[in-house]
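Here's a quick briefing to read with the model open beside you. Take the topics in any order you like.

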Amino acid sequence: MTTSLRTNRSIPTLSSEKIDVRYVAKLARIALTDDEIERFGAQLGDLLEHVDSLAKLDVSAVAATAQVVESRNVEREDVVRPCLDRETVLEQAPQRQGGFFRVPRIIAES
Amino acid sequence: MSNPLTERSAAAIARDVNARTLSAADVADAVLTHIDDVDPQVGSYLTVLHDRAREVAAQVDARVAAGERLPLAGVPLAVKDNMCLTGTRTTAGSKILERWVAPYTSTAVERLLAAGCVPVGKSNMDEFAMGSSCENSALGVTRNPYDVTRVPGGSSGGSASAVAAYEAAIGMGSDTGGSIREPAAFCNLVGFKPTYGRVSRYGLIAFASSLDQIGPLTRTVEDAALAYDAMAGHDDMDSTSIDRPLEATAGHLRTDLRGVKIGLVKEFATGKLDAEIHALYEQAYRDLEALGAELVEVELPTADYGVATYYLIAPAECSSNLARFDGVRYGLRVDGADVHDMYERTRAAGFGPEVKRRILIGTYALSSGYYDAYYVRAQKARTLIAQDFERAWKACDFIACPAASSPAFQFNAKSDPYSMYLMDYYTIPMSLAGLPALSVPCGWVKPPGGDRPMPMGLQLCAPLFKERELLGAAHAYEQKTKHALTHRPLIADTAAPSGSV
Amino acid sequence: MAWEAVIGIECHVELKTNSKMFCGCANEFGGEPNTKVCPVCLALPGSLPVANKEAIDHMISAGLAFGAEIPTFSKFDRKNYFYPDMPKDYQISQYDMPLTQGGTVRYWLEDGTMKECRLTRIHLEEDTGKSTHAGSGDGRIAGSTYSLVDFNRAGVPLMECVSEPEIHSAAEAVGYLEALRRTLLQLGVSDVKMEEGSLRCDANVSIRPVGSTTLGTKTEIKNMNSFRSVYRAIESEIERQIGLMEKGERIVQETRGWDEAHGVTVSMRSKEEAHDYRYFPDPDLVPLEISRESVERLRASLPELPHVRFERYTTRLGLDVKQATQLIDNLPLAVFFDTAVEASENPKQATNFVLGDLSRLANETGMAVHESPVTALHLAELIDLVEGKTINSKIAKDLVVRMWNGEGSPKAIVEREGLAQTSDPAAVERFIDEVLAKNEKSVIDYRAGKTNVMGFLVGQVMKASAGKADPQLVNRLMKQKLESP
């Protein structure tokens with residue numbers, strides 16, 4: 001049993017826990033109806049059961065593949081390149097005000 | 001009967017336009033007229049580029065007249081709607097981008113245009129490339145030109161149906177887990193996914209960054225080679241683009257398989273498939289032998305974990321890639337009481353159920369406490385799969401197997417998400433390992449309950465960077481068997497009486 | 001109860017590069033909103049990031065300057081969260097393999113005491129856009145009805161620098177920040193201007209009884225817009241926490257904003273739950289492999305760092321804290337100073353002239369010392385002339401002005417104008433005799449006990465000799481004559 005980099009929780013057996021769909025939907029900023037929460041919950045649980053097969057694999061000897069084709073140090077020279085013209089940038093904004101994008105209130109404090 | 005111009009290969013069109021015995025303008029006219037006739041039934045295109053096509057065709061003719069020799073002069077091109085083309089609506093098959101017009105062009109498209117292609121339309125696709133039937137498009141329905149009650153495959157379904165129905169000679173597709181190869185198999189086409197990193201992803205609306213690759217769908221292997229040669233190569237706008245010299249593939253395609261070892265994967269044995277399908281593949285393998293190849297058995301023991309691995313990695317990456325669709329800077333916005341409410345309503349309205357499912361599963365797989373168990377574990381399984389292939393390459397030069405386990409199915413046949421995911425069973429392992437792979441037509445079967453013969457595809461896969469060898473093997477097989485020519489697409493022949501030549 | 005404050009500082013520093021971190025848009029302060037954006041930094045569908053080489057080099061230089069370890073491998077990770085000024089709704093950052101590990105910031109307090117604070121890490125990420133809030137009447141986010149977003153800043157390379165909680169007072173916090181600022185400025189990796197947002201910082205503050213080793217509950221203090229605010233905010237927060245603890249109340253772990261106008265920190269109770277950032281390696285970028293050669297190359301081009309210079313000036317050259325700091329904050333002047341010291345081998349005189357007469361002239365004329373006609377070698381020459389008693393200090397002061405006005409080297413001016421001081425005893429005696437003869441009353445006064453008359457008499461001799469008499473010689477001979485009738 002190994003511990004996660006991020007928390008001290010031990011790794012759960014994959015699909016034994018029920019997914020908190022409401023919490024995940026909140027993280028993903030997608031509003032779901034109660035019906036969808038139920039339906040997706042079942043479908044995701046189903047998928048996770050299939051995915052559970054991965055628990056059987058012995059992955060102890062391998063590193064995670066970050067990339068398929070090994071490549072390192074892809075960098076660009078610090079040179080300024082032309083940017084987009086502002087009208088192009090703003091003309092498809094769902095809501096704009098002058099030269100800005102406008103969004104509804106960001107409630108960060110009560 | 002459609003204009004025979006529309007049925008010509010890209011190679012033939014380019015040759016004649018360069019020789020100036022044919023004008024790009026005439027080709028464009030013929031194809032656009034044909035599109036107007038048949039697309040109402042096939043539904044390949046979300047946007048037809050009537051004006052743009054004619055404009056570009058005129059430019060191509062001018063360039064050729066000025067002495068330029070363009071490898072794809074005048075070739076009508078279907079561009080999958082997840083690839084940006086300046087000034088065109090680029091929707092990724094989604095409501096969230098239904099009205100978005102791209103202000104820049106993806107590198108791969110730009111290169112094909114530089115090579116002389118004429119873009120005739122933006123083709124339909126499963127929303128954000130998530131799907132294997134094109135049924136997940138939120139903006140249109142695409143039908144298989146060989147049987148309109150059946151799906152064209154996905155996610156590059158529109159590009160596949162366009163090329164199959166002669167509405168283009170080259171279709172640009174993108175393949176993450178099989179989205180070029182499977183629709184190619186379903187529509188009697190060659191569908192080619194190059195080595196990961198060979199074709200720039202700049203301007204391709206991302207689904208799963210470490211898996212997405214752009215590639216061509218064509219009616220012949222030679223056309224696929226020409227298209228690949230034009231679109232491939234390093235791009236400094238894409239950090240994952242490979243900086244390695246390119247070998248031309250077109251003009252270097254072999255016609256036999258002498259000295260070649262072809263691996264048949266134990267885990268992909270076709271005995272468990274439908275009897276007619278099994279017989280089809282057995283015949284295909286014999287045909288490879290008849291061309292001089294030696295068949296050897298290889299193992300990919302981790303291949304069975306491919307679908308599970310893929311359906312953790314791809315959703316994880318896409319859950320992050322699709323976060324940008326938030327109603328702030330472009331695309332759909334549904335207002336809310338505050339910005340977070342706006343995000344939730346916008347994304348609820350803008351994304352279809354499959355997209356939502358994958359975002360949810362991906363978010364979950366990356367979330368605190370689950371990251372190691374899911375995402376990291378899947379990436380390790382991926383390493384094992386890649387290692388399996390490396391071992392296989394010691395015994396063979398190519399791997400041959402089915403592209404899909406069945407021909408094109410009927411609409412709504414796969415209502416359970418996981419059964420749809422299984423359509424990618426044979427194509428996913430190659431994607432996970434980043435290997436070049438393609439599907440080439442290998443025969444016809446009568447699907448149960450169907451009365452029309454439907455095409456099937458033989459998948460060939462090669463080691464990293466062996467595009468030339470792979471296309472060569474496919475070419476040899478194609479030239480010997482010519483399965484693609486056995487039946488014509490139904491749809492091409494049911495053009496409306498007026499307006500067709 | 002004696003309390004100890006425990007403070008950690010987290011800084012975000014915008015790196016000075018021509019272009020942004022992952023795209024070619026210009027990286028510059030100001031400008032009309034949304035005029036420095038492209039598909040990449042605006043996060044249009046299909047765009048991809050490509051890392052800026054210069055930003056990476058700047059990070060490594062900064063790490064080396066603080067004695068951090070530069071690992072062989074580093075990578076970028078995605079930090080996923082939704083916010084309107086985040087175009088991708090994830091930030092490309094670094095999680096578990098940052099470009100530098102550890103390191104120490106050495107700084108000094110106003111009394112010259114040297115202090116140290118270790119760094120947890122320095123990592124590279126991209127900045128967000130900027131939102132302004134409307135509708136609340138004071139531009140604050142609370143009570144606003146909508147916000148406006150400008151993405152010019154989105155994608156600017158940002159260095160996040162996190163210190164260990166080893167700072168124990170507001171003064172130390174400012175000392176730390178000053179050292180950070182001076183070092184980064186000297187390296188040329190950032191403009192480090194709080195007023196332009198190229199240096200932003202937050203402080204984590206907690207208190208505990210002196211002698212305790214466990215950490216108290218900390219609060220995060222934000223919205224400090226200058227070093228003075230940092231000082232006041234930390235002092236205020238320490239006071240607030242001590243006040244609460246002494247009343248037996250708990251400290252709530254929260255974020256508090258500094259309210260400059262009212263001189264207090266105010267709770268920023270937010271509706272957000274703790275973020276689950278779902279870090280994972282960014283699949284659009286490839287890992288960085290940092291060669292030891294490139295590290296050594298960057299290390300070799302590091303300048304003498306502020307704290308090293310500070311110690312050299314105060315310990316070896318005898319400057320006080322204020323003087324040392326003045327030079328450190330004006331590098332061309334410090335270089336001028338160093339050259340003059342080396343040539344004259346007289347740090348005391350060099351200090352006096354550089355920070356005295358020359359700096360005064362620089363202020364008056366608006367021309368920098370190192371850009372004036374006075375070279376460091378000229379200054380050394382002048383110092384030699386004074387030490388060798390060829391000229392006296394009054395003449396020297398005149399010479400400085402003449403040199404500043406471009407009249408040439410001190411030796412040349414002295415010769416040309418005949419400004420050498422008179423050290424010939426016979427000549428000086430003649431002047432003295434002259435003055436004494438004209439001032440019999442003063443002589444009588446002196447011999448009667450009013451010895452302070454000597455100053456006046458010496459002054460008369462200086463006048464008579466047009467300032468050139470050696471004052472020390474005058475004093476000695478004058479005294480002799482006055483005391484021996």
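Two residues count as in contact if their C-beta atoms, placed from the backbone, lie within 7 Å. On that basis, 34 residues of chain A are in contact with 44 residues of chain C. Before going further: this is a predicted model, where local features need pLDDT of at least 70, side-chain atom pairs count only at pLDDT 80 or more, and totals for chains, interfaces and linings use all residues. Residues are numbered from 1 along each chain as its sequence is written, while chains are lettered from A and ligands numbered from 1 in the order in which they are written.

**Where chain A meets chain C**
- Helices (H or I, at least four residues) and strands (E, at least two) are DSSP runs, numbered from the N terminus.
- On chain A's side of the contact with chain C, strand E1 (75-76), helix H3 (86-91) and strand E3 (100-104) each give two or more residues.
- E3(A) gives the most to that side, with five residues.
- Sorted by class, chain A's side has 17 nonpolar, six polar and 11 charged residues (nonpolar: Ala, Val, Leu, Ile, Met, Phe, Trp, Tyr, Cys and Pro; charged: Asp, Glu, Lys and Arg; polar: the others, Gly among them).
- Strands pair if DSSP finds at least two bridges between them, and two bridges join E1(A) to strand E2 (residues 51-52) of chain C, running parallel.
- Arg76(A) has Asn52(C) as its bridge partner in E2(C).

**Chain A by itself**
- Chain A comes to three helices and three strands, in the order α-α-β-α-β-β from the N terminus on.
- Of its 110 residues, 24% are buried (20 or more other C-beta atoms within 10 Å of a residue's own, with C-beta atoms placed from the backbone).

**A helix pair in chain B**
- Helix H2 (residues 24-42) and helix H3 (residues 50-65) of chain B pack at an angle of about 160°, with their axes 8 Å apart (axes are lines fitted to C-alpha atoms over the stretch in contact, and angles run from 0 to 180 degrees between N-to-C directions).
- That makes H2(B) roughly antiparallel to H3(B), a label for angles over 145 degrees.
- Residues making the contact include Ala24(B) and Leu32(B) of H2(B), and His50(B) and Asp61(B) of H3(B).
- By class, this contact has eight nonpolar, one polar and two charged residues.

**Ile399(B)**
- Ile399(B) sits in strand E9 (residues 398-402) of chain B.
- Ile399(B) is buried, because 24 other C-beta atoms lie within 10 Å.
- Not counting residues up to four places away in sequence, Ile399(B) touches Gly263(B), Val265(B), Val298(B), Ala392(B) and Cys461(B).

Note on methods. Buried ≥ 20, exposed ≤ 12 C-beta atoms within 10 Å, placed from the backbone. Parallel < 35°, antiparallel > 145°, perpendicular 65-115°, else oblique.
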